[in-house]
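I opened the notebook for a browse through this one. Here is what I looked up, entry by entry.

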Amino acid sequence: MHSLLLCTISNYIMDYNSIKVEAFWKQYWKDNDIYRVTHESDKPKYYVLDMFPYPSGAGLHVGHPLGYIASDIFTRHKRMNGYNVLHPMGWDAFGLPAEEYAKQVNMHPADSSKQNAVRYKEQMSSVGLSFDWAREFATCDPAYYKWTQWIFSELFNHYYDTKEEKAIPIQDLIDAFAANGNGTVQAAHSYQETFTAEDWAKLNRKEQEDILTEYRLAYRKVGYVNWCEKLGTVLANDQVKDGLSERGGHPVEQKAMTQWYLRTTAYAERLLNGLDDIEWSDSLKTIQRNWIGRSEGASVHFQIDGHEGDIEVFTTRPDTIFGATYMVLAPEHDLVEIITTADQKEDIDTYINYVKSKSEVERMADKEVTGAFTGAYAINPFTNTKIPIWIGEYVLKDYGTGAIMAVPSDDDRDNNFATKFGLEIIDVVDKSKYPGASLSDKLGIIINSDFINGMEVPDAITKMCEVIEERGLGSASINYKLRDANFSRQRYWGEPFPVKYDDDGIVTALSKDELPLLLPHTDDLSPGEGGQSPLSRVKEWVNQDGFTRETDVMPAVAGSSWYFLRFMDPHNDDEFAGQDAINYWQDVDLYVGGAEHAVAHLMYARFWHKFLYDKGMVPTGEPFKRLVNQGMIQGGIEFIGLLKEKQDGISKFMCAKMLQHADPSTYVKIPIKIQFVNEYGKDSSYLSAESIKQFIGWRSEYKDAIFECSNGVYQNGKFTGKDTSHLHTFSETGKMSKSKFNVINPDEVIERYGSDCFRMYEMFLGPIQQSKPWDTNGIDGVYKFINKYWNLVTDGDLSTDDPSKEELKVLHTMLKKVDADIQSLSFNTAVSSFMICINDLRKLKSKNKHIASEFTLALAPFAPFITEECWKLLGNNESVHLQSFPKHNDEYLVEDSIEYPICINGKKRGMASFGADLDKTTIEKTTLEMEFVQQWIEGKTIKKVIVVPNRMVNIVI
RNA sequence: GCCGAAGUGGUGGAAUUGGUAGACACGCUGGAUUCAAAAUCCAGUGCAUUCACGUGCGUGAGGGUUCGAGUCCCUCCUUCGGUACCA
C-alpha cells in the first residue's frame, strides 16, 4: 500500500504527500460510491444544496469553491451525525452566457456546455466535494427540460383564484364564465371588462381565448424589448450600456413584441408572507420585500369632464385628495388618444414621439421634468373643481393604473411638475408639528380639506378610505411593485415553449405525452428576421401540419426554478419527481449560493414552488428553509498607465506614482498579468526591468515603447537612471476574470499545498458571507497546521493508554467549539480551534491514539483526504467519512479554578484565581484584601463591588 | 435619493446575554539549527511613554445610557451591496 510507505520511517518527520494520497482516495470514494444516497432510508433526511453553476469555459477559479467547500463541510458533519444527506450537483447549462460562449469558441452550445461540465466536475472532485454524482443532470438535457416544459404547460392551464388563494384549473374558470360571466369571479387577471354568461356564449372561440389569456398564469401580451436596429437583434438589459449596445455602441430603442409572461403578481402576497417563516438573512428578505413592494392605499375614480369614462388612480395618500389640483397619465395610457383635444393634439403627439425616442436608460438617467397638457379636464370628486389632465413620463404605465392624481403640495415630483408648468398648489398637510419628517413618514395635520380638517394624517387616511367606498368612488386597495415576469427570449439556447398556435392564432399547451418538445439542432445562432429567435429560421420545425410553434425560448431562470426538486428523483421518466422521493426529502434545508441571485432566481423558484404546492405536488410552501449567501472572492487587478498621446509616434507608459495627480483623461489603464507584478496587490506594486521585458514579450506591439519610471527611463531593453527601474502599477480589487488577467486557478493551489489545505485556507479567510480578496500569502499557516496534524498521527508510536486529563480537556474544548461553529457556519473560527488544539497537544507532547483518532474524526469534514489516510494509518478499515462525529463531554471541561480579572472603575488592574464554586461574598472579601487592590483603594471610599460569577470583579471607588 | 450591511493592529480576521479587546493566522523583529539557504523550532510584536515595573491612549467621528460599551441609544462620516421617478 502506498500509504504505508509514507509512515514506516517513523523516526523522521515525513512531509505529507498530498498528490498521491488525494489521487488514491478520490478513486476509492468513486469506486465505493460512499456519497450515494437514496430516499429509502430510516435515517432522518437533510438536504444541502449549492446553487448549481453555469459551467463557463474558463473553469473554476479560487472564488467559486468557497460556497461549495462550506456546504461540503456542513454536509459531511451532518452525515457523521446520522443524517441521510442529499447533496447533489448539476449544471445550469441553458441561457445567454452559454450561447455567447459557444459562438465565441465556434462550437454548438450543446457540445461546449457538456465539455465545460466535465471540467467542472473534475475540478470539484479535486476539491474533495462529496456530491452524489449519480444525480447529476443539466438543464439542457431533454429528460430534464421535458418537465420544465410540463410545469410551464400546467401554469398555462391554470388561473389564480384570489378567494381560494390558490391556482385552479382553467377549465373551472371556463365553466364559471359559461354559468355566470366574470362578474362574480375572483381571480388574478388583467381583463378590464365585465361580461355575463350570455355575452360569453356569444363569443367565438378565439374571442374567448383572448379573454382567458388575461387570466392564465402563463400568458402572452405585448411587451417591450431592447431592440438594436444596427445589430438586428434584441439585447438583454446587461448588454445595454447608457442607451447604447455594449457591443459596437449602437443606439438601442424600445420595440413592442408579443411575448410570454408569468403572472407572478398573483402570488405577490404569498411571496411576501412566506418570507416570515424562513431562515434567510434579514438583508436578503428586505431585498425581496422591496422587490415585491407592497403598498397600501386606495384606488379612486375621477370623472372626465365631457367624457363617459373615468380615470382610475392608485394613491397611498387619499387624505391629500383635496390638494389634487391636476392629474397625470403615463404617455402610453389608453385614454390619452381619446381625451386629447384638437388644440392640444400636436403638443401631445410631439411629446409622445419625444418619449419614444428615449431609451429606458435615458429615461431613468434624465431627471428633468417633462410633460404635455391633453386639453381635457377631470373632476376632483371632493372639491368638485375641474382639474387639468396632463401626460408625463414620470408616471409609469406599468405601476398602479398608469395614472395619478397629483398633489403638488405633498409630493416632490408633483411639486416639481406643477412648478415647471405653473399649476395650482394647495397646501393640505400642516407638517410644522413634525419637523424633519419626510413625506413617506405620513405625518402631519390635515388643513384646507373640509371634513377631515384637523385630523392626523393616519386617521385621515382611514377616514378617506371609508368615505371613498361610501360614495362609490373607489375602494381601499393594495398595490405591488412586482411585475409579471417576462418569460420570452429571442434566443436559441433555451427550452422551447411547449405550445402550438393554430391558424386562428389560438394557443394550446402540449400535453405530457407530447413532451419533451425538443430544441431542434441548428448551427446558425445569429438572430432571425426582425429580432426573432434563431429558431424562426428552422422552418421545418416551426411550421407543422395545421399549426406552428413558438420560436422564442424560455429564459435561463426557467431551468433553475425547480431543479432542486428534480435532484430528489433525477431519472424519473413518468413524473417531474416521484411522490415517495418528494415526501421523503421534502425541501432544501440549507441552500448556499451567491447574493447575485437574491431577486430573480429565488423569486421564480419560490413562485414555481408555490404553484406546485397549490397542485399538491410538493409538501411545503417554501422551497428553501435556510439560505446563506457566500461572499465573493475577489482578485487584485494590476494596471499600468499608458499615455493617450504618443511621444514622437511611440507609445509611452508612465509610473502610477507619477500619474497620481495627472488628469485621468490623459491616460488609460491597461490591465496586465498579475504574474508580472512585484509586490502584487500592494500600494507599492511595480514592474521591474525584468517584468517589463516579460510584458513586452506578451504584448509585442509595445516592444519599442517608452517606460517612464520614477527614477529613470526604460526603453529597448535598456534602463537609464539611478538604481533599478520601478514602474509602479495601479492596484485595484475586483472580480476574478480572464479579461483582467487575475484568475487564480484552484488546481495550481491544490497541486502545491494539497486539497485539504486549500479547503481549510478558503474557510480560514473569514466568514463565508463576506467578500474578500484572494491572497495566497496566508496559506502557509494552514499548511503548517496540516503538517503538524500529520506528524501528530504519523511521527512516532502512539500510546494506547488512557489520555490524560489535560489532553482530554484540550480535545473536548475543540470538539465543543467546532461542533457549534459548523452549525452556525463559522468555519473560520472552527479552523482556528483546530490550530489551537494541535498547538496545545504539541505543548503537552501528546502521542495518544485515542486523542489522535478523535481529532481525525472531527477534522474529517474539513480535510477529507488526509483524515481518510490517517484514519487508515490508525488501524481502521472503513472510511472515516462513514464514522460518527465525536461528541464533546462537558465533564472534561470543568475548571477547578477560574482566573478573574480585577477591575477598578471598570479598568483591569490585575488578575486573581478563585475556586470555581466560591461564593460571591468570599470573592469580594478576598479581592479587597489583595495587596495591589489595597494600593488602588487606599484612602478612597468603596462605593460598590460587583462580582460576576465566572467573569470578573469590579470595584467602584 | 431610498433600503440594507459593515467600519477593530502593518494584513486577514477573533471576541456568549454588555464583563480581560486584538484569539487564530500572515507579516515583521530577534534567536536556535545549518558551511549556507530553504524548511523547522523558540521568543517578541496595538500605539505612545519608560532602562524597567508601570502608566496613558486605543474598536470610523462626536455625544449618551451603565459599576462596566467593539457590543445598547442618538447624531454624523466613510465603504460595500440592492434599487431607481413605485404615486
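I began with what covers the buried residues of α16, and found that the cover includes β10 (294-304), β16 (429-430), β17 (445-446) and β18 (474-480). The buried residues of α16 are V457, A460, I461, M464, C465, V467 and I468. I took buried as under 20% relative accessible area, exposed as over 50% and partly exposed as in between, with a 1.4 Å probe and protein chains only. Helices (H or I, at least four residues) and strands (E, at least two) are DSSP runs, numbered from the N terminus.

This is a predicted model, and local features need pLDDT of at least 70, side-chain atom pairs count only at pLDDT 80 or more, while totals for chains, interfaces and linings use all residues. Residues are numbered from 1 along each chain as its sequence is written, chains are lettered from A and ligands numbered from 1 in the order in which they are written, and side-chain values use heavy atoms, with hydrogens and water left out.

I then checked the length of α16 (residues 457-470): its 14 residues should span 20 Å at 1.5 Å a residue, and its end C-alpha atoms are 20 Å apart, which agrees. The expected span is 1.5 Å times one less than the number of residues. After α16 comes G472, with a positive phi near 70 degrees.

Next, the chain as a whole. Chain A has 32 helices and 39 strands, and 52% of its 957 residues count as buried. Its C-alpha atoms fill a box of roughly 100 × 85 × 80 Å along the principal axes. Among contacts (heavy atoms within 4.5 Å) with a separation of 6 or more in chain A, 70% are between residues 24 or more positions apart.

Which residues touch the most other members of the largest nonpolar core? I found F855 and F862, in a core of 172 residues. Such a core is a set of buried Ala, Val, Leu, Ile, Met, Phe, Trp, Tyr and Cys residues joined through side-chain atoms within 4.5 Å. Leaving out residues up to four places away in sequence, F862 touches I73, R759, M760, V818, I822, F827, A830, V831 and F834. Another core, of 39 residues, lies apart from it, with I321, V336, I339 and I387 among them.

F855 came up again when I looked at C837: beyond four places in sequence, C837 touches V810, L811, M814 and F855. C837 is in helix α28 and counts as buried at 2% relative accessibility. C837 and T813 are 24 residues apart in sequence, with their C-alpha atoms 8.1 Å apart.

I also looked at a helix pair. Helix α26 (residues 779-794) and helix α30 (residues 864-873) pack at about 10 degrees, with axes 10 Å apart. They are therefore roughly parallel, a label for angles under 35 degrees. The contact is made by I786, Y789, W790, V793 and T794 of α26 and I866, T867, E869, C870 and L873 of α30.

Most residues other than glycine have a negative phi, and most peptide bonds are trans. K845, in the loop between α28 (827-843) and α29 (849-859), has a positive phi of about 50 degrees and is exposed at 69% relative accessibility. N905, in the loop between β36 (897-904) and β37 (907-915), also has a positive phi of about 50 degrees. A cis peptide bond joins L515 and P516, with omega about 0 degrees.

Technical notes:
Axes fitted to C-alpha atoms, helices over the stretch in contact; angles between N-to-C directions. Parallel < 35°, antiparallel > 145°, perpendicular 65-115°, else oblique.
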